[in-house]
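Dear colleague,

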Amino acid sequence: MNTTTNGLVQKLWNYCNVLRDDGMSYGDYVEQLTYLLFLKMADERAQPPHNQASIVPGAYSWPSLLAKDGDELFDHYRHVLEALGQQKGTLGLIFGKAQNKFQDPAKLRRVIVDLIDAETWTILGADVKGDAYEGLLEKNAQDTKSGAGQYFTPRALIQAMVDCMAPQPGESICDPACGTGGFLFTAHNYITQHNKNLTRDQLKHLKEKAFTGYELVQATARVCAMNMMLHGIGSEKSVPVIVGDALGSDPGERYEVVLANPPFGKKSSTVIVGEDGRTSTEKDTIERDDFWATTSNKQLNFVQHIKTLLKTNGRAAVVLPDNVLFEGGAGETIRRKLLHECDVHTLLRLPTGLFYAQGVKANVLFLEKKSASEKPWTKKLWIYDLRTNKHFTLKTSPLRRQDLDEFVDLYNVANRNKRKPTWTAENPDGRWRMYPYEELIARDKASLDIFWLKDDSLADSDNLPAPAVIAQEIVEDLQAALEQFKLIAADLDADIEESA
């Protein structure tokens with residue numbers, strides 16, 4: 001971060017700390033900043049030299065907030081949020097269901113005048129604005145009570161995935177579970193950094209048409225929309241974020257690149273309250289003509305959905321929990337179909353301790369969608385094991401981009417046909433190994449949950465990790481097991497209800 005960014009981040013944090021004493025959470029603070037930043041930037045665009053017509057009605061514009069103080073400001077701010085939330089388009093996306101979370105009119109006035117109005121946001125570089133906002137989002141994700149961590153993928157992992165995907169000017173890029181937009185703006189940054197001489201048409205495409213994000217939760221979608229705007233994607237008039245259930249139907253659009261970390265957690269279910277007041281749980285099985293199998297497992301449904309979203313020869317990188325690699329039934333059907341109809345070429349086994357959702361054991365699957373063929377498209381699956389004998393934590397030992405350097409180098413973006421394994425019979429500790437299609441398809445349930453490295457701590461007590469690391473791993477294993485038992489219990493309950 002440069003000096004300007006550091007100063008702005010510090011300024012944003014100073015105000016956040018003041019408001020936290022007043023009972024406002026990080027998430028509330030980010031949301032209130034989103035409303036105020038949007039109004040300020042819309043006003044700046046309406047001034048010289050831009051002179052753009054503002055989509056914000058004059059009665060609810062930034063000057064209308066500056067003109068008031070005390071209780072009058074408080075009432076007006078609440079009215080602004082309510083009125084703009086009823087609008088359609090971008091205004092509805094940013095302000096839908098918005099509420100004033102300030103407790104003190106004087107503090108609202110300070111944020112408006114001293115923090116937001118003191119800066120000219122439109123002349124700040126996208127990296128400055130974006131980094132400042134990202135800093136707030138990461139802090140919010142670390143606040144475990146807020147639950148916002150589920151929307152936050154480690155930025156080092158996102159960067160490595162984007163580096164492997166190498167998005168190009170003119171390509172369309174989608175994240176069907178976009179959270180706060182990390183994959184989309186990182187892909188945007190990659191394209192601008194690797195292509196210094198973009199044409200006017202390419203720049204316009206990059207700003208207005210290249211990116212599409214889907215987000216189920218309104219509050220997260222509004223933050224994503226602001227995050228993308230601050231990173232130079234979209235404008236006050238059009239932000240490419242769609243609020244809704246991505247799995248509900250085939251949107252019809254197809255993309256060259258899909259990057260995603262679909263939500264982890266339980267299978268989809270709906271709680272139904274009967275006339276007698278008793279509740280029952282109904283599993284939400286997704287039935288779509290474009291899906292290979294019907295299942296209530298959200299992650300398996302996202303795999304099928306991502307296959308649909310891709311153009312022929314389109315490529316995807318998706319974060320998936322271990323159960324997608326080994327689960328039977330629909331899981332086996334989907335894996336066999338995926339290996340046949342797509343080139344499933346790379347699997348990155350991730351270490352634990354990366355995600356704010358505890359106990360998650362996850363992987364990144366890289367694939368290309370292919371045209372119809374009688375012969376399977378997958379020839380070789382290359383696996384990189386970043387899990388065995390690796391220990392990361394969110395705070396004391398977080399994953400850094402350089403921890404993924406070897407994987408990205410071995411991935412060989414320039415020519416995947418020239419990959420060379422680091423594992424051999426002579427070097428059994430190599431983390432990069434290839435498995436042919438015939439071996440994959442012959443495995444029980446076509447399981448892709450493959451590992452070959454020895455756990456040092458099991459072989460030699462002298463190699464045991466620190467006690468704190470062992471304790472954390474035990475906690476994560478127990479939490480992962482508990483999640484699996486919850487799924488089994490839910491299935492058993494549903495089976496009992498169906499047979500009753």
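Predicted model: local features only at pLDDT ≥ 70, side-chain atom pairs only at ≥ 80, totals over all residues.

The chain has 500 residues, of which 50% are buried, and it holds 18 helices together with 11 strands. Its accessible surface amounts to about 23400 Å², and carbon and sulfur atoms contribute 49% of that area.

Turning to the helices, H2 (residues 26-46) and H4 (residues 70-85) have axes that come within 12 Å and cross at roughly 80°. Because roughly perpendicular covers angles from 65 to 115 degrees, H2 is roughly perpendicular to H4. On the side of H2 the contact is formed by Gln32, Tyr35, Leu36 and Leu39, while H4 brings Tyr77, Val80, Leu81 and Leu84 to it. Of the residues in this contact between H2 and H4, 7 are nonpolar and 1 is polar, with no charged residue taking part.

The residue I looked at individually is arginine 349, which is found in strand S8 (residues 342-349). With a relative accessible area of 4%, arginine 349 counts as buried, since the cut-off for that word is under 20%. If neighbours within four places in sequence are set aside, the contacts of arginine 349 are Ala362, Asn363, Ile383, Tyr384, Asp385, Leu386, Arg387, Asp449, Ile450 and Phe451.

Technical notes:
Residues numbered from 1 in each chain as written. Heavy atoms only, no water. Axes fitted to C-alpha atoms, helices over the stretch in contact; angles between N-to-C directions. Helix = DSSP H or I, 4+ residues; strand = E, 2+ residues; numbered from the N terminus. Parallel < 35°, antiparallel > 145°, perpendicular 65-115°, else oblique. Contact = heavy atoms within 4.5 Å. Nonpolar A, V, L, I, M, F, W, Y, C, P; charged D, E, K, R; others polar. Buried < 20%, exposed > 50% of the residue type's maximum accessible area, 1.4 Å probe, protein only. Areas by Shrake-Rupley, 256 points an atom, 1.4 Å probe, with all protein chains shown as cover.
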